[in-house]
Each structure stands twice: as C-alpha cells, then as structure tokens.
Amino acid sequence: MDKMIIRGGAPLRGTVELSGSKNAALPCLIAALLTEEPLLIHNVPRLRDVRTSIDLLGRLGVVSRWTGDHDLELHARAITSHEAPYDLVKTMRASFLVLGPLLARTGRARVSTPGGCAIGARPVNLHIAGIRMLGARIQMRHGYVEAHAVNLRGARVWLDTSSVGATENIMMAAVRARGRTLIENAAREPEVQDLARLLKAMGARISGAGSHVIEIEGVERLGGAEHTVIPDRIEAGSLMIAAAVTGGDVVVRGAPLEHLEAVIAKLRETGATVEPVEGGLRVARGAALRPVELRTLPYPGFPTDLQAQMMALLTQAAGTSVITETIFENRFMHALELMRMGADIVMKGPTAVVRGPTALCGAPVMATDLRASMGLILAGLAAENSTELSRVYHLDRGYEALDAKLRALGAAVERVPGEEAA
Ligand code: EPZ
C-alpha cells in the first residue's frame, strides 16, 4: 500500500490543469446503460472510481474502450446481467446509481445496498422511495434491492433531502418512463446538471436541472451521444486552498468560476486573493490568514467535499474559526489527525472550533476517506518537516495524478511503496 511523504514549507507557485469531475463522470458513465447505442465521453479522469465503474458496467454487458487519454467509449448493445454485486457497491457507493437505468432499460435490477460509510450513515431510502413512486416493485432481500417494473410511469417525487445521488438515480429511471415526472426538492449540484446535459444529448426531455424542480417527459428510446464532463470543482477548490495554505501563488486552469462562488467568497474572507484570469482562477496569499465561520450546505452553498481541506487551512488563520458540517454526521475524522499534527480543534456534535495559527508539525497520519486525505496533505504542505500519509488509495479514488500536479507547483511530495495492509 503506497504512502505519500510530504515535506512542508514550500509556497506553491505556477499553473496547474484540472481534471474532469469525478462526481459528474461516474453517473455519465452509468447512463450508458440507457441506450443500445455508444456514448463517447470526453474529459473522463483516470481514477480508481472510474475503473471500478468500468468494471461494474462490464459485468452488466457494457463494452468500454479508451479512445484517447481521457476519452471513453461505452457501448451497452445488450444488457447481460441485472446485478450490481456487493463487492463493487461496497467499494464505491456510486455503483448504486445503476438501479434506475437498469430498471428503465430492462424492467429489472438487483443491486446490493452499500452498507456503512466512513463519513456518515448515507442511506439510500430516497433512491428507493423515488423509484417506487415511478411504479417499480421493490423488495429488500439478502442485502440487495430487487426491483421489477413492467413499465415505469411518470410521477411526482418529493425528496425529503435534496440528495445528489437520489436525484440522479430517479432522473435516469424517469427518462424512459411513460409520461411526466417531477422531482421536487431536487439537488441542484453542477454534477446533476451535467448528467442532465448528457441525457438530453441522448434524446431525453428534461427541464429545470440546476433548480429545485426537475421535469422529465419520458421518451421511448434514447440514442448515442458525445459529451464532455465538466471540470472538477472539488479538485479546483482543493488546489486553491493549497495555494492559500502555503502562502503561494497558483493559477488553476479550467477552474469553473460559476461552480465555485461559495468557495471563492470564503477564501477571500480568509484574506486570500482570488481573481479570474484567462482560462482559470489565480489564488495567492501574502498576508496572514483571517478566521472564518462556515457551514457546509447543498449547492450553491459551501461543499462538504471541501470541508476537511478548509479545516487544514483554518489551522493557519489567526483567531477562532467555526466549521459546521450539515451534510454528513461523521465527517470530522481528519480533525483527530490534524490535532496529532498540533492543530487546536475542539469538536462538539456537528461543529468544530479551530483556533489558530498553530505551527503544524509533520507526523505519520492516516485518513478514512478521500477528502480527509486531501485535508491532511494540505496540512502536510504547511507543516514543518515530513508528514507521512498512509492509505493513499483513498486519494487515488478521486484525485488524478495529485503528487505530480503538486510537484509541478514546487511541493516536495513523493509517493513511495509502503507496507501496511488496508
Ligand atoms: C454525492 O454523494 C457525492 N458523491 C459526495 O462526494 C458528496 O459529498 C455528496 O454528494 C454531497 O455533496 C458522488 O457524487 C458520487 P447525497 P451522495 O445523497 O449522492 C442523505 C466525494 O468525496 N441521504 O447528496 O451519496 C445523506 O445521508 C463524495 O467525492 C438520505 O438520507 O450524497 C446525506 O446526509 C463523498 N437518504 C445527504 O442526504 C438517501 O437516500 C446528502 O447526500 C440519500 C441521501
């Protein structure tokens, strides 16, 4: 199991290019199940979760082929299995998204439920309730959701929580249902909008994606399409915070300004400079950082996927910051590791109080999920001496060539083979 060794202290400088969005790419790949014609998807990041999706889709009959570095062709001429097995769903929860499209294409699906997660309970009840509303018969047996539907039919679906995954799953079921579906309290995230854009290119009739009400008029069949995945706003935010935490000056090329407004506003509040430049955003920090209060919220609020990174930054701000996590109930595991590096953090329920600035001191650390790992890397970049991050496989799920990108900006980051078991 590889490790990452980070020697802190160097301000990051230069230009870095973003990859395509992981969380937009995964549902777009899965949408291939909806048509017997090929999809050609561009800007697909080379990540472990993408490989897991290709593997899962392969087991269902989808033939995938890289036609370029980041260009993937997917062809579901025939569906050969209806089952998403536990071994894949447990390693990648997004696998659960095959439920809607499999059901829409073939009338049946057997999908393992994902089980526990390192950041919170993350149930799938809203996915199931929504798809039931479209007329599917659903049973839970042996840890699997077994769904059947002769014909899905449009319905009015109200989501108790504006879940990204439930919105995507229901949307992919509804595009081939009979009649009109309304998803109310739908997630507004850019990744939902990107999926809607692909589905429309395939012939679906969808309006309102990006708002709280998505309207879908079912069609009989969908065709092939070509689509370019949006840039990764979470990778962008992570690299912007890297510039700020090291007192550097970085241009993040391809950073989607319109998807980052809450992040830009918070970074500016800390005293970092963020300015649009040709082709991206420039982030620099000269003066001392100021503390802030922040709450994670559904889009367009501050994303939970940047909370750990922001916590690392705020250990360097002069004063008391308050972070409230409102999306997931157990997403402060990184705080304990940051405290081992010298951070002054007190947690109470969904709130973490960070007092700074503290001199961070490199240590062996271990993360429980992807974004927590990134938070620890950022702390390592700001720390004295070396930090050794184990369980780098978490990073491989969602950051493409991260060590190379950071090195190109002047960071002393090295990936080495480690020995510990997963
Ligand atoms: C997506 O997860 C992302 N994953 C997550 O990114 C991201 O953190 C999350 O959205 C929030 O923005 C992908 O897109 C693949 P949700 P998702 O359903 O869809 C509750 C990363 O690091 N809920 O919007 O699973 C749920 O427990 C990952 O890249 C229900 O109660 O998130 C949570 O509290 C981690 N019942 C809230 O809704 C349900 O049926 C929002 O979750 C579904 C969700």
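Contact here means heavy atoms within 4.5 Å, and helices (H or I, at least four residues) and strands (E, at least two) are DSSP runs numbered from the N terminus. This is a predicted model, in which local features need pLDDT of at least 70 and side-chain atom pairs count only at pLDDT 80 or more, while totals for chains, interfaces and linings use all residues. Residues are numbered from 1 along each chain as its sequence is written, and side-chain values use heavy atoms, with hydrogens and water left out.

**View 1. Helix H11 and the elements it packs against.** Buried residues (under 20% relative accessible area, with exposed being over 50% and partly exposed in between; 1.4 Å probe, protein chains only) in H11, which spans residues 333-340, include His334, Ala335, Glu337 and Leu338. Seen down the axis of H11, the buried residues fall within an arc of 165° and so line one face of the helix; the arc is that of the directions from the helix axis to the C-beta atoms. These buried residues pack against helix H10 (307-314), strand S20 (344-348), strand S22 (364-366) and helix H12 (370-382). Just after H11, Gly342 has a positive phi of about 110°.

**View 2. Met171 in the largest nonpolar core.** A nonpolar core is a set of buried Ala, Val, Leu, Ile, Met, Phe, Trp, Tyr and Cys residues joined through side-chain atoms within 4.5 Å. The largest has 77 residues, of which Met171 and Leu199 touch the most other members. Leaving aside residues up to four places away in sequence, Met171 touches Ile183, Val192, Leu195, Ala196, Leu199, Ile206, Ile214 and Ile216. A second, separate core of 67 residues includes Ala255, Met311, Ala363 and Leu378.

View 3. Polar contacts are pairs of N or O atoms within 3.5 Å. A ligand oxygen atom lies 2.6 Å from an N or O atom in the side chain of Ser163, and an oxygen atom of the ligand is 3.1 Å from an N or O atom in the side chain of Asn23. For Pro123, a polar backbone atom is 3.2 Å from a ligand oxygen atom. The protein covers 84% of the 830 Å² of accessible area that the ligand has on its own (Shrake-Rupley method, 1.4 Å probe).

**View 4. Gly286 in a loop.** Gly286 sits between strand S17 (280-284) and strand S18 (293-295). Gly286 is exposed, with a relative accessible area of 68%.

Terms used
Polar contact = N/O pair within 3.5 Å; in protein donor to acceptor, adjacent residues only side chain to side chain.
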